[in-house]
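I opened the model today to look up a helix and some charged pairs. My notes follow in the order I took them.

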Amino acid sequence: MSKLIYYRDFKFEELCYNKAIKSHLGTMQKYSTRESQGLRIQFPKVKILGVVDNVVSLDFQGNAKGFEFFEKLKEMNVSKIKKKTLVPFNWDSTRISMKVNENTLYFTEDSCITSLDNIERNLETCKVVVIASSEGLWCSEQSFGNTWVVEQMKLYLPR
């Protein structure tokens, strides 16, 4: 497992793109840093815009530093893409989509286990902090981007 890094502490100058791995779906350039393989980032408290088919859309518009993290990663990814005509995936740095799965842990600010259903019921009022990982930059015939997978989601409800 990669080392957990708070988004504001991530050192982009240490980000390396390893040799591309090819599959029938495209290529993946795995990330590495001095301390780990892949990225494992704790993001700031943000609003969930929606949940569809186990994908959460997170609103980074109200968080300038979170927005800057994704803008810088986008800039670095674009510099690595050889085919400049590809369409970027997950491109809007104010709205980032992340996958959740059966291994995602959901809990409240009081450290009580909860569920994605509970989070969906409170979309209008809640905010969340997520720990998510991305193995690297993928490229297909038409697009490129990052796949973020949520490992943990902490739910904050208004008090």
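**Helix H1.** I started with H1, residues 64-80, in this predicted model. I find 17 residues in H1. From first C-alpha to last, H1 reaches 25 Å, close to the 24 Å expected at 1.5 Å a residue.

**Its buried side.** Which residues of H1 are buried? I list Gly66, Phe69, Phe70, Leu73, Lys74, Met76 and Asn77. Why do they sit on the same side of H1? They cover an arc of only 170° around the axis, and that puts them on the same side of the helix. I then looked at the face turned away from the buried side. That face carries the exposed residues Ala64, Glu75 and Ser79.

**What the buried side packs against.** I checked the partners of the buried H1 residues next. They pack against strands E2 (16-23), E3 (26-32) and E4 (39-42). They also pack against E8 (95-99), E11 (136-139) and E12 (143-146).

**Salt bridges.** How many salt bridges does a search of the whole structure find? The search returns seven. I wrote up three of the pairs.

**Lysine 65 and glutamate 68.** These two form a salt bridge, with the closest N and O atoms 3.9 Å apart. The cut-off is 4 Å, so a pair at that distance counts. Lysine 65 and glutamate 68 are three residues apart in H1, so about one helical turn separates them. Lysine 65 is partly exposed at 46% relative accessibility. Glutamate 68 is also partly exposed, at 42%.

**Glutamate 71 and lysine 74.** I find their side chains meeting in a salt bridge, 2.8 Å from N to O. Both residues lie in H1, three residues apart, about one turn of the helix. Is lysine 74 buried or exposed? Lysine 74 has a relative accessible area of 18%, and under 20% counts as buried. Lysine 74 was already on my list of buried H1 residues. Glutamate 71 is partly exposed, with a relative accessible area of 26%.

**Glutamate 14 and arginine 34.** I left the helix for this pair. Their side chains meet in a salt bridge at 3.3 Å, N to O. Where do the two residues lie? Glutamate 14 is in the loop between strand E1 (5-6) and E2. Arginine 34 is in the loop between E3 and E4. They are 20 residues apart, and the pair links distant parts of the chain. Glutamate 14 counts as buried at 17% relative accessibility. Arginine 34 counts as exposed at 71%.

Key: Residues are numbered from 1 along each chain as its sequence is written. This is a predicted model: local features need pLDDT of at least 70, side-chain atom pairs count only at pLDDT 80 or more; totals for chains, interfaces and linings use all residues. Side-chain values use heavy atoms; hydrogens and water are left out. Helices (H or I, at least four residues) and strands (E, at least two) are DSSP runs, numbered from the N terminus. The expected span of a helix is 1.5 Å times one less than its number of residues. Buried means under 20% relative accessible area, exposed over 50%, partly exposed in between (1.4 Å probe, protein chains only). The arc is that of the directions from the helix axis to the C-beta atoms. Contact means heavy atoms within 4.5 Å.
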